[in-house]
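Thank you all for making time this morning. I would like to walk you through one model, going slowly and giving the cut-off behind each term as it comes up.

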Amino acid sequence: MGCLTWKYQVLCVLSLLFLHSPSSLSSFLSSDSQCSALLQFNNSLSLECSAFRSPYYRSGSNAQLCETSYPKTASWKEDKHCCSWDGVECDKNTGRVIGLDLSYSRLKGAIDSNSTLFLLQHLRTLNLAGNDFYPSLLSSEFGQFKSLTYLNLSSSSFTGQIPSEISQLSSLVSLDLSYNHWLSIETPVWNNLTLLRELLLDSIDMSSIRPKSLMNLSSSLTTLSLSNCKLQGKLENSILLLPSLQTLDLGSNPYLNGSLPKSNWSNSFLKFLDLSDIRFSDELPDSIGSLKSLKYLGLFFCNLSGIIPISLGNLTQITHLDLSYNSFNGLLPSSLLNLPNLSTLLLGENQLVGPIPNHFAIFSEFRHL
């Protein structure tokens with residue numbers, strides 16, 4: 001761990017300077033120095049299969065993780081250039097480290113603000129998902145990666161607040177901080193992320209965030225996943241109508257309320273929609289049938305009433321439909337027989353009446369009714 005080679009001697013001097021000005025120092029790092037920074041970052045951590053300490057993960061998940069993950073950094077050798085190391089990508093022209101994928105690599109330990117990881121200022125993609133960095137705070141130094149387009153820190157046991165400096169990553173296309181159950185967010189970090197296409201914050205404490213602030217999300221967003229985030233207040237229809245969305249998951253936010261759009265939804269690209277466990281105040285509108293690209297629709301425990309709209313028969317691509325634990329009444333619409341790809345239909349705990357049509361037996365794709 002000491003400065004045993006000339007590379008480490010250089011790095012130790014640079015590290016002292018880095019404690020005072022990490023962002024300015026990084027511009028002087030040579031390709032070899034970046035390799036040394038990676039080595040020191042690796043040496044600050046241990047290799048243990050202990051990720052996913054959260055109680056949300058079922059028993060045995062650690063053992064399964066050990067089978068599906070492997071320690072990428074165990075193969076890193078000082079006598080080889082880091083551009084050949086597993087999980088490291090370099091620019092072919094400059095030799096700079098531009099990509100680091102150490103996801104599910106069994107890394108364990110703290111990432112402090114003075115970590116040599118933050119010397120790699122030319123990173124464009126960074127993936128540290130599925131490791132165990134508890135009890136590390138999510139450092140504001142992550143906001144110094146100005147060239148990042150992809151950042152994935154999901155399921156890595158970070159704690160504290162999401163720093164506002166994340167909003168400075170204006171080149172981000174994908175941001176995934178989900179399933180860090182000790183993370184919270186006090187102010188929106190997405191207002192300046194105009195290029196963002198994927199935002200995943202599942203199981204982050206967003207109780208201080210008002211749903212209205214989500215109206216500032218990029219119109220180019222294709223994936224928005226905010227399940228189990230303790231969101232509170234009224235759900236704005238504009239969130240449901242973002243024009244490029246293909247995946248929208250707001251499920252398991254029981255303190256959200258509102259109503260679904262009654263006019264035709266302008267979004268024709270939505271394939272996955274989960275609004276389960278949100279408190280809606282009225283019936284399921286006919287407009288739901290205009291989402292003809294839907295493959296998954298989850299409306300479990302949504303306080304919906306009235307009849308099941310006939311327009312659901314327009315969702316010919318759908319494979320999973322969950323309308324259970326609501327207050328739907330009346331007959332089951334025969335239009336559901338027009339759903340040739342439906343494999344899962346959940347209708348339990350409603351107030352439906354009448355016989356189940358015999359025609360359900362003709363569904364060749366049916367798996368669960």
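Predicted model: local features only at pLDDT ≥ 70, side-chain atom pairs only at ≥ 80, totals over all residues.

Let me start at P135, which sits in the loop between β5 (125-127) and β6 (150-152); when I name helices (H or I, at least four residues) and strands (E, at least two), I mean DSSP runs, numbered from the N terminus. What kind of peptide bond joins Y134 and P135? The bond is cis, with omega at about 5°.

Residues are numbered from 1 along each chain as its sequence is written, and side-chain values use heavy atoms, with hydrogens and water left out.

S155 is not a glycine, and yet its phi is positive, at about 50°. Its relative accessibility is 6%, so S155 counts as buried, where buried means under 20% relative accessible area, exposed means over 50%, and partly exposed lies in between, using a 1.4 Å probe and protein chains only. K230, in the loop between β11 (223-225) and β12 (233-234), is another residue other than glycine with a positive phi, here near 60°. K230 has a relative accessibility of 48% and therefore counts as partly exposed.

Now to the cysteines. How many disulfides does the structure hold? There are two, taking a disulfide to be a pair of cysteine sulfur atoms within 2.5 Å. One of them is formed by C35 and C82, with the sulfur atoms 2.1 Å apart. The torsion about this S-S bond is about -65°, so the disulfide of C35 and C82 is left-handed. Because C35 lies in helix α3 (residues 31-43) and C82 in the loop between α4 (61-68) and β2 (88-90), the pair ties together parts that are 47 residues apart in sequence. Both C35 and C82 are buried.

The other disulfide involves C83 and C90, whose sulfur atoms are also placed 2.1 Å apart, and with -95° about the S-S bond this link is left-handed.

In the model, the span of residues 72-91 is 0% helix and 15% strand, and its end C-alpha atoms lie 20 Å apart.

The largest nonpolar core has 91 residues, a nonpolar core being a set of buried Ala, Val, Leu, Ile, Met, Phe, Trp, Tyr and Cys residues joined through side-chain atoms within 4.5 Å. Among the residues with the most contacts inside this core are L117, L126, F142 and W190. Helix α3 gives the most to the core, with five residues. If we take L126 and leave aside residues up to four places away in sequence, its partners include L100, L117, F142 and Y150, with contact meaning heavy atoms within 4.5 Å.

Finally, the strands. Twelve of them form an open sheet with mixed pairing, in the order β2-β3-β5-β6-β8-β10-β11-β13-β15-β17-β19-β21, and two strands pair if DSSP finds at least two bridges between them. The edge strands, each pairing on one side only, are β2 and β21 (344-346). Within the sheet, β17 (residues 296-298) and β19 (residues 320-322) pair in the parallel sense over three bridges, and G298 has D322 in β19 as its bridge partner. Strands β18 (residues 305-306) and β20 (residues 327-330) are also parallel, over two bridges, with F328 in β20 as the bridge partner of G306. From β20, two bridges lead on to the parallel strand β22 (residues 351-352), where G330 stands opposite L352.
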